[in-house]
Amino acid sequence: MESKLGLSADTIERCRSIAKEIVNPVQNYIQRHTTDSVERATLRLLGADLINDNGVPVPNIIVSQLSDKIQYGVAQYYINGLLKLNCEPDELNRKIAGGLDLTELDMVDKKYINEKGQELVETFSQRVKLHRSFRKEKIEKASDAQPSPLLYVIVATGNIYEDVKQAQAAAEQGADIIAVIRTTAQSLLDYVPYGPTTEGFGGTYATQENFRIMRKALDETGEKTGRYIRLVNYASGLCMPEIAAMGALERLDMMLNDSMYGILFRDINMYRTFVDQHFSRMINSFADIVINTGEDNYLTTSDAYEKAYTVTASQLINESFAHESGMPEKLMGLGHAFEMNPNIKNGFLFELAQAQMAREIFPEAPLKYMPPTKYMTGDIFKGYAMNTLFNFIAKATNQGILLLGMLTEAIHTPFMQDRFLAIANAKYVMNNMGDLLSDMEFKTDGIMQKRAQEVLGQTESFLQEINEKGLFDAVERKMFADISRPKNGGKGLQGVYEKAASYWNPIEEYLNGELGIQKGMM
Amino acid sequence: MMIKAYGDTLNDGAVQLSFTLPVASGPKADEAARIYTGKLGFEECEVVHSNPLSDDFTFFVVYGKSATSLDYSKVVVEEVETSMDFYEVNQFIKEKLKRKIVVVGACTGSDAHTVGIDAIMNMKGYDQHYGLERYPEIEAYNLGAQVKNEDLIEYAKKVKADVILISQIVTQKEVHIHNMTNFIELMEAEELRDNIVVCAGGPRVSNKLAMEIGFDAGFGRGSYPEHVASYVVEKLFEKQRK
Ligand code: B12
């Protein structure tokens, strides 16, 4: 594809290979480690579920019972429990919730554990494959198979039943994707809450039951409107892999899943996050779940004009990590955002250049484009105008996923009518300005070409600088978002373990095989 | 002076509204919206637009005129007066307080928004207004976000803070009010409330609200570092003289 922006293919190639060099040593670390949450996700995929009387989830109970054996992989102890008690996961879960201690059971021969493991992996795999084919079929049959961009809106009432009403209304109005925002601070919980929930601040708890409730509701609306409505949640925070696991089991379609967001914006330990994101992305890849990365956050925290290159650099790093998890480009919803100060002259041109640049560097990725938020104010009328310009860029540069801006962004989580107005705006722009850019060219050496070339150049030097320091040190030294995170600081480091030589994880083994992941570096 | 909303003629009382009713769209819904607007106290109500949001909800744009008027001369606001700029604040500290002052700030509770407190405290400041870290006469410590009230108070004791600043951005379900109240209770339990000047800020935090909860002052949207700086130095001076 010819670059409309006159970007050098060689520079892009160089940036990609530096990103790979940056990721390599981290990947080496990842391969040699596991975490509490990777183990809990594995247990969930094998069938662990339920909570005890104190609300502690069974996967957490198991991991704390086995605290000194995690380096061997906890799956074998769970499977041993099934064999010893001759029961299925449902029954074992109830027993564990009732107080059964897995460490008190003698271990059966590894051969049987292996066999039973294969059987449970098969159950998991069948379930996810069924979801995959169901989704594929629905999307192919839908009246407007793959509108581009897909219109994405958020619901965030705190009450899953209220969310359902808002989500169904939005879907009927034309939203293609519904994200249920998580409640404040869920990312810092080291367990996943259980059951349907009706209390949340600024969002709704991610629980498997809530996933089910919303999935069912959106399938209903999908049937009614002849479309497939996609459901999104957040595989982030201390339980990142477990949320990915629940998403795979309940047929979510997208997951926010960034390789560094938790480190920078939630102060989660970097080792923990890197290991967790890898396993999460393996699950997402297998379940055909599109990830959304969080580059927009760099721009709400730092200046969007000055720091545009940090977005491109982070996209390349996210892409590289995703490749290591066996993820195809079509599942990489790399993020970026329309966040420049609206008062700068020609800001629109710079935004357009940036969005087109992302399109050209990642031609196969769906790209998730985020709306203005930081400079949204109580002037909802101006905000609506800003959202229109944003929508135009999204359509003109063929972004795959359009998170719709809300005119009330600076005020409250959206009212039902706010979403309606956002969808109406987007539809108007999509239809009215749809093919404008394919009918126009960028002026050679014009403002936009120059801007894109400059940002790409800055991206290359920035990546080089990170590579010289190494990613761990670069994060420590404030190179991303002006935030410094010490290597051994943040939450969750005590839940990271070096794998023993005999570490066994049947889910990981299976996914490595399915996704063609090489474990060469161990 | 009596005033009313202004459309195109003085005292026409013209107001533009938009809202949603939980009913299916149609002529009956439109009529309901018109009557409803009337009950809100408007006259000559006109539903100029309506649109279904789903089977059970409809969105309306309505114009109406209100006869209600207001005596402008009776309106009182309690606003924090801003008097000094960066240089004047430093000058004031040097001349009147005669020692550097210590300010500790954080975005507290589960709230993860750092940009507001950074705008007030960081060296770089915000919108070309230097943050408190840049003030030579202020020793400023910005603890960032998601800081527990207990930890903030502990830290303030450690560095012998004269001033504590807290930022609250998330307000859904009044979470900021709970958190701010808890902060004041802890300060009182530690018998620190009288010795330390405490201010709160955030886009939904007004001076009135902050004072009701027990803070010395509150700073809403559009605040700049020098606003809070000049308030606290004057407050400290007042305390010093007592
Ligand atoms: C950027 C942003 C984020 C970033 C924050 C990054 C960061 N490093 O801070 C991220 C993506 C992490 C984020 C997360 C969330 N956010 Co947010 N976020 C925003 C956004 C877009 C801008 C906020 C901002 O930076 N404003 C710029 C600063 C300079 O303004 P300010 O904070 O108002 O500060 C000024 C004044 O208020 C005052 N001030 C503020 N604090 C103090 C303190 C003192 C002492 C003083 C004197 C003055 C003062 O001075 C400042 C300068 O004038 C707003 C929407 C908006 N446009 O306002 C939503 C918004 C604040 N977020 C919101 C929500 C709900 C969330 C989440 C809960 C979403 C979720 N469920 O995950 C999470 C919160 C997680 C958590 N634990 O808190 C809601 C809050 C709704 C409400 N009223 O409760 C908003 C309004 C968006 C919306 N419409 O839904 N968010």
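**Figure 1. The loop of chain B that carries His113(B) in the predicted model.** His113(B) is placed in the loop that links strand E6 (101-107) to helix H3 (115-121) of chain B. The structure shown here and in the following figures is a predicted model.

**Figure 2. Overall layout of chain B.** Chain B contains seven helices and 10 strands. Its radius of gyration is 23 Å, well over the 18 Å that the globule rule gives for 242 residues, so chain B is more spread out than a compact globule. Along the principal axes, the C-alpha atoms of chain B occupy a box of roughly 70 × 40 × 35 Å. Two domains are assigned within the chain: domain 1 covers 2-71 and domain 2 covers 86-241. A distance of 42 Å separates the C-alpha centres of domain 1 of chain B and domain 2 of chain B. Of the 242 residues in chain B, 44% are buried.

**Figure 3. Strand E3 of chain A and its two faces.** In a regular strand, side chains alternate between the two faces of the sheet. Strand E3 (residues 177-180) of chain A sends Ile177(A) and Ala179(A) one way, while Ile178(A) and Val180(A) point the other way. All of these residues are buried.

**Figure 4. Pairing of strands E2 and E3 of chain A.** Strand E2 (residues 150-155) of chain A runs parallel to E3(A), and four bridges join the two. Within this pairing, Tyr152(A) is found opposite Ile177(A) in E3(A). Between E2(A) and E3(A) the chain passes through helix H7 (residues 160-173) of chain A, forming a right-handed β-α-β crossover.

**Figure 5. Pairing of strands E3 and E4 of chain A.** E3(A) is also joined by three bridges to strand E4 (residues 230-234) of chain A, and these strands run parallel. Here Ala179(A) has Val232(A) of E4(A) as its opposite residue.

**Figure 6. Two cysteine residues, one from each of chains A and B.** Cys239(A) has a relative accessibility of 4% and therefore counts as buried. Cys45(B), with a relative accessible area of 14%, is buried as well. Both values fall under the 20% limit for a buried residue. Over all chains, the number of disulfides is zero.

Notes: Residues are numbered from 1 along each chain as its sequence is written. Chains are lettered from A and ligands numbered from 1 in the order in which they are written. This is a predicted model: local features need pLDDT of at least 70, side-chain atom pairs count only at pLDDT 80 or more; totals for chains, interfaces and linings use all residues. Side-chain values use heavy atoms; hydrogens and water are left out. Buried means under 20% relative accessible area, exposed over 50%, partly exposed in between (1.4 Å probe, protein chains only). Two strands pair if DSSP finds at least two bridges between them. A crossover is right-handed if, with the strands pointing away from the viewer, the path from the first strand over the helix to the second runs clockwise. Domain bounds come from an automatic or database domain assignment. A disulfide is a pair of cysteine sulfur atoms within 2.5 Å. The radius of gyration is taken over C-alpha atoms; the globule rule is 2.2 Å times the number of residues to the power 0.38.
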